[in-house]
Amino acid sequence: MLDSIDEWGPEKVVCVSDRRTGMRGVLVIDNTARGMGKGGTRMSPTVSTTEVMRLARNMTWKWAGVDLFYGGAKAGIRADPHASDKEQVLRAFARALHNEVPKEYVFGLDVGLTEDDAAILEDEIGGRGGAVGTPYALGGLPYDQLGVTGYGVAETVDAAAQYIGRDTASLTVSIQGFGAVGAATARRLADLGATIVAISTSQGGLHNPDGLDVEQLLKERDRHGDALVNHYSAAKPIACGEEITVPADVLVPAALQDVIDDHMARALPAAIVVEGANLPSSPSAQEILRERGVLVVPDFIANAGGVVAAAVAMDSRTSGMRPDTASVFTNISTKLRAGTHDALEMSARDGVTTHQAARHAAQLRVAEAMALRGRLPR
C-alpha cells in the first residue's frame with residue numbers, strides 16, 4: 001500500500017472491521033488541497049483497498065475537473081448489498097469511522113447503496129451532517145430518483161455531438177448498464193431525440209436497430225429490476241458484453257470499471273464513447289481510441305453530474321430549506337458541457353487522449369492549491 005503513495009496522495013487510508021457483523025471496509029482520503037474529502041460509498045462482495053484508492057484518486061480529478069472545492073475520497077464496504085443484514089453492516093461501518101465522519105469525510109452514494117441506505121448512515125452518525133444523497137423526505141437531494149448523474153452523461157453526449165457537427169436527434173446509442181445512471185442517461189437522450197438501440201443489465205442485453213422504447217424499458221425496470229431484459233419483447237436478446245460492439249454512433253459504458261481493454265478499443269464501432277461508469281477504460285485503450293479518431297468523454301467529466309449535485313447537497317446539510325433541484329440541473333449542464341468542450345479541444349490541440357488533457361487541467365488546479373497551502377517541497 002505504501003508503494004501506491006505518490007505526489008498527490010492518498011493522505012489517509014483507514015481500514016475498519018467489526019467481528020459481530022462481519023463488516024470489513026476502507027476509507028481512502030486522497031487529496032484535500034481544494035477541500036475536505038468527498039466521494040461515494042460503495043458496497044460489493046469484491047471491494048478492495050486498491051479499487052477504492054483508484055476511485056478516490058478519480059474523485060480528486062473529478063472535483064477539480066469541474067472546478068468545485070472538495071477533495072478526492074471514496075469508501076468501500078466488502079459485503080453483499082442484497083443481504084438481510086445490510087443495515088447492521090452499514091451501522092457498524094459508520095460507527096467505525098466516527099473519528100473521520102463528518103469532519104474529514106461525508107458518506108455518499110455509489111454502487112450497492114441507495115438513498116434509504118444514506119438515511120441509515122445519517123441516523124447512525126447522528127444529525128444531517130454525515131451523509132448526502134438522502135431521501136427527499138429527510139430534506140436530502142435524492143440523486144438516483146432525480147437521475148442527476150445520467151442527466152449529466154446525456155448532456156456530455158450532446159456536447160460531444162455538437163463538437164463534431166452532429167445533431168443528437170440523428171444519433172444511435174448503446175448503453176452498457178441500465179441501473180440508476182444508464183436509465184437516466186437513456187431517458188434524457190430520448191428527450192433529446194436520440195435513438196437507443198441497445199441496453200444491458202447484469203442478466204443480459206437487448207438490441208433493436210430501429211430503437212428501443214425507453215419509457216417501456218423504464219417501466220419494466222421499475223417492475224423487474226435487472227430482469228427487465230426478460231420482460232421486454234420488442235428486441236433481440238443479446239449476451240452481456242455484446243452491447244459494446246453492436247452498430248451505434250455512441251457507446252455509453254455505465255456499469256462496471258475496466259470493460260474497455262485494448263481488444264474492445266479496436267473492436268467497438270462507435271464514433272463517440274461517453275464514460276458513464278467510473279474507470280471503464282484502460283490508458284492503453286484510450287490511446288487506441290484516440291488513434292482511431294474515436295471521441296472519448298472521460299469518466300471524471302461525463303459522470304460528474306453526481307458531484308455537482310453532491311456539492312449542492314453538502315451545502316444544504318445545515319439548511320432548513322430544500323435544495324433547488326432546477327438549479328442543480330442547470331449547473332450540471334453548464335459545467336459538464338464546458339468540461340467536455342475543453343477536454344476535446346485540448347486533446348486535439350496537444351495530440352493526447354482526452355483523459356490526459358482533462359487530467360492535466362485538473363492537476364494544475366490541485367497543484368496550485370497544494371502550493372498555496374504550503375504542501376509542496378520548497
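Student: Before we start, what should I know about the model and its numbering?

Tutor: Residues are numbered from 1 along each chain as its sequence is written, and side-chain values use heavy atoms, with hydrogens and water left out. The model is predicted, so to speak with care: local features need pLDDT of at least 70, side-chain atom pairs count only at pLDDT 80 or more, and totals for chains, interfaces and linings use all residues.

Student: How are the rings of Tyr151 and Phe329 arranged?

Tutor: Rings of Phe, Tyr and Trp (its six-membered ring) pair if their centres lie within 6.5 Å; planes under 30 degrees apart count as stacked, over 60 as edge-to-face and the rest as tilted. Here the centres are 4.8 Å apart and the planes stand at 70°, so the pair of Tyr151 and Phe329 is edge-to-face.

Student: Nice! How many residues apart in sequence are the parts that this pair, Tyr151 and Phe329, ties together?

Tutor: Helices are DSSP runs (H or I, at least four residues), as are strands (E, at least two), numbered from the N terminus. Tyr151 lies in helix α5 and Phe329 in helix α12, so the parts they tie together are apart in sequence by 178 residues.

Student: Is Tyr151 buried or exposed?

Tutor: Buried means under 20% relative accessible area, exposed over 50%, partly exposed in between (1.4 Å probe, protein chains only). Tyr151 has 18% relative accessibility, so Tyr151 counts as buried.

Student: Which side chain of opposite charge is nearest to Arg317?

Tutor: Lys and Arg count as positive and Asp and Glu as negative, while His and the chain ends are not counted. A salt bridge is a side-chain nitrogen of Lys or Arg within 4 Å of a carboxyl oxygen of Asp or Glu. Arg317 is buried yet has no salt bridge, and at 6.9 Å the nearest side chain of opposite charge is Asp315.

Student: Where does Asp110 lie, given its salt bridge with Lys74?

Tutor: The side chains of Asp110 and Lys74 meet at 2.6 Å, N to O. Lys74 is in strand β5, whereas Asp110 lies in the loop between β6 and α3.
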